[in-house]
Amino acid sequence: MAAEEQASSTPHDGRTREELLGENEMLRRRIADLEAAQSQCAVIRRAALLGSSRTDSQGCSCYLQEMAETIRDVFWVFDWRTQKVVYASPAYEEIWGRSIRDLYDRYEEWGQSVHPDDRQAATESFARAVETGGGEPREYRIVRPDGQVRWISDRAYAVRDADGTVTHITGLAEDITERKRAEEEVRTSQTRLRAAMESLPFDFFMLDRDERYVMINSVCREDWGIRVGQRPEEACPDEGTLALWKDNNRRALSGEVVTGEVEMAPQGRAGYYYNVISPIRDGDEIRGILGVHIDITALKRAEAALRESETKFRNLAEQSPNMIFINYRGRVVYVNARCEECMGYTKQEFYARDFDFLRLAAPEHRDRVMENFRRHMSGQEVPPVEYTFCTRQGQRIDAILGTKLITYDGEPAILGIVTDITDRKRVEAALRESEEKFRNLAEQSPNMIFINQGGRITYVNARCEECMGYTKQEFYARDFDFLRLVAPEYRDLMRENYGRHLSGEEVPEVEYALCTRDGRRIEALLATKLIQYQGEPAILGTVTDITALKQAEESLQQAKEDLEQRVRERTAELEAEVEWRHRVEVELRESEERYRTLVENSGHAIAAINEVGEYLFANQTSADYFSLDPQEMVGRTIWEFFPKDVADEHMEHVRSVIRSGVGSTRTTPSQIGGQLRWFSATVEPLGADGKIGAAMVIARDVTDLAVAKKQLEEYREQMTRADRLASLGTMSAMVAHELTQPLTVLRLSIQNALEAIKSGSSASAVKEDLENSVEEVATMTGIVERFRGFARASSPSRQFDVNLPAIAAHMVEVTAEAAQRARVSVSLEGLDALPPFTARAKDIEQVFFALLMNAIQAADGATDRTIVVRGQTRDGEIELLFEDTCGGLDPDHIDKIFEPFFTTKGKTGGTGLGLCVVEHILDRYQAKIQVQNRPGQGVTFRVTLPLSASSSL
């Protein structure tokens, strides 16, 4: 506070009117005493001057003694000329605690009793009494012999003789220690009051009866610019606020305590205040006004914010998909609508006093619920816990309960949020099951399958170990570089595709080469897909070994000329068929070339479609199909461009992607302009902020590829039929050879019977010849029956459970004559225990026939040979072993035996299609064939048929 404000606010040193009146009365009494003492001093002085007798002095002393005893203060007389104290009243010893006699003997006794800090000032003021005549009060401290410090108020008067010379100094000393202590306490109290007033964070002020400010704190001064001595109308420019102040002051001066909330604007800042205006009373008299303005703007705003927060909380809670509740003192005092919906209780039931919230928890979790409740009530934080809840209908809900200790109605309460994870748990179980299915499928797959996450291999199937020569532990090692598996010329391409995948792009299939641990090179086709694996992006790769296919393609051109020559040498019909095959092959290559040219020189059709089938975007390629501009397609529906059934099928694909959020690729036919075309359509979800509302369709016209694949399959079927025809030719020769002898016997028997009839021989001779003829006919019938069903075609699409032992036995019968001529014995072992295999019976017959005839034709006929066909079931597969001792293969031929038209039989041999057709047939059923050569001894063909596979036809 400024000095002016301090002085004005305490005009009477902080003392009340009663205190000032009392002090005034006391001073009047002291002045009267002093005047009496001065009169006595004058008497003494006159007595001394006149030389009065001792008797008079004693009388005067008695008089003074009586007066001194009636005065509680110290009356003293000091002889200025002798510099001695000649009189001090008895109160000196009581106040100073010293002997009066010592004071008479040594004037210095008084000086030594004064406090060192006050000694100089007290001595100087004593000397000034001589100059001024005295009378002014002086205050100083004395130190008693016991160490006690006391405050003295002393007035000294100079006594002069007739010449005006100072002869004596007389005075009256008062012990004001208690008053000083009281004043000090008052000053301390005032200091504390002012400090407290200044520390108040709100306006504090006092006005007198004239409504002038006599005391204000700094907050009041800063808010309103008020100064001590001003009136309200001088400090408040706002008429509305001034009117309020004047009314409050009027009411307070009339004795009323005015309180209430008001709206004011100090310094132009509008706000809310709580006013207390109270009268200052002195008994029954009102002497002024005491007032405070407490700024409650923040409180009001906080209350409004609290109400708004409460509204937001309730709106949020009521709209929340989670259950939200408040538990206060063990009672449920709030639940949202989700709690009612999920738990089956109404809010009134939840809020009932006798509602036990523990009934909502499964029995096995109630102890944990109570323990966490006690921990919360003791002030501890409890992390989210997984519980099982029981609904009113007895249904169990798996959930995560997150709780927070809050203040509710000024006391601790628990806010709980219950997240239903029943579906998530179900999804997790399904995910585990899906993971198990994936691993089972991957481990049974004939292709190599791997997962690359963050540049590291995190999963490989058994096929990877088998083909690449590394163990799973080596694949999974942190320092394993997956690029070492890739041939050097393809590594840059792999790095580029890996980067594209990480940026979210889809990468098409790519043809590349792998390097195994032992240095072998594998030609392969790599298909990759960006997936989520253990919550993070990863790349799922499927590697298909196409080494054999590449070798077949490389040798196809070389084998073409040999095929034409061999077919011409065998039959004119076969030559014509080979000619036709040649044309098909040329057309296939031309078609494939046209397809490649089309793919390389034209873009894909790209469009964005929403869930109601409207085109949001279409590129030029898409519009070209309908002879439109791309903008003309936007806003129109898919049903305007495709037949209804085709459009419905396309939209089902699009909506499934929008619903699942997972892209997919399908190859489907479409009617465009009345023409059927095939498209490979990739559909990816489109959306923002997690909301998917459309899909991007990338369609690639694969009509030529579909036709080419169909032609290739027809070509393979023709190869199979050609081999069957060639086999029929072989069997025809076998049938002719076997029928020669019985036909000869039949002819002779019939001739004998005719001769006997002509010659008139006995009927018994004719009968015998005819019976012989019948027996030979039966023999020929049996021979024909053995071969009759082999050339019969079966349905190309129907499959049945094939009896492998029966087919094997039948093919042994069919090849029996050829085996006998080649001195080869055929036996079957373990086939009776084999389960049925689902396939076309003619396919399996051709496999058995080709492998048996391959071995029989390899025998030289000079020595006895054997063929043993064994069967067993192992690891979910049927294993067939065709083991012969017919001399084996040349090691240089072992890699070529499955190539089309390759044969070791020379010009008199087969077509070279047998083993190629066998491999093609087995590929239909996901079966495999392997060869083990024993040069100079024999060959073993191992055929494995998967029991879980179904035909691809």
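Contact means heavy atoms within 4.5 Å. Helices (H or I, at least four residues) and strands (E, at least two) are DSSP runs, numbered from the N terminus. The model is predicted: local features need pLDDT of at least 70, side-chain atom pairs count only at pLDDT 80 or more, and totals for chains, interfaces and linings use all residues. Residues are numbered from 1 along each chain as its sequence is written, and side-chain values use heavy atoms, without hydrogens and water.

In helix α29, D843, Q846, V847, A850, L851 and N854 meet G914, L915, V917, V918, I921, L922 and R924 of helix α30. This contact has eight nonpolar, three polar and two charged residues. Here Ala, Val, Leu, Ile, Met, Phe, Trp, Tyr, Cys and Pro count as nonpolar, Asp, Glu, Lys and Arg as charged, and the others, Gly among them, as polar.

The whole structure holds 51 salt bridges (a side-chain nitrogen of Lys or Arg within 4 Å of a carboxyl oxygen of Asp or Glu). One of them joins R141 and D118, with the closest N and O atoms 2.8 Å apart. R141 lies in strand β3 and D118 in the loop between α6 and α7, so the pair ties together parts that are 23 residues apart in sequence. D118 is buried at 13% relative accessible area, and R141 is partly exposed at 21%. Buried means under 20%, exposed over 50%, and partly exposed in between (1.4 Å probe, protein chains only).

E183 and R179 also form a salt bridge (3.2 Å, N to O). Both lie in helix α8, four residues apart, about one turn of the helix. E183 is buried at 18%; R179 is partly exposed at 25%.
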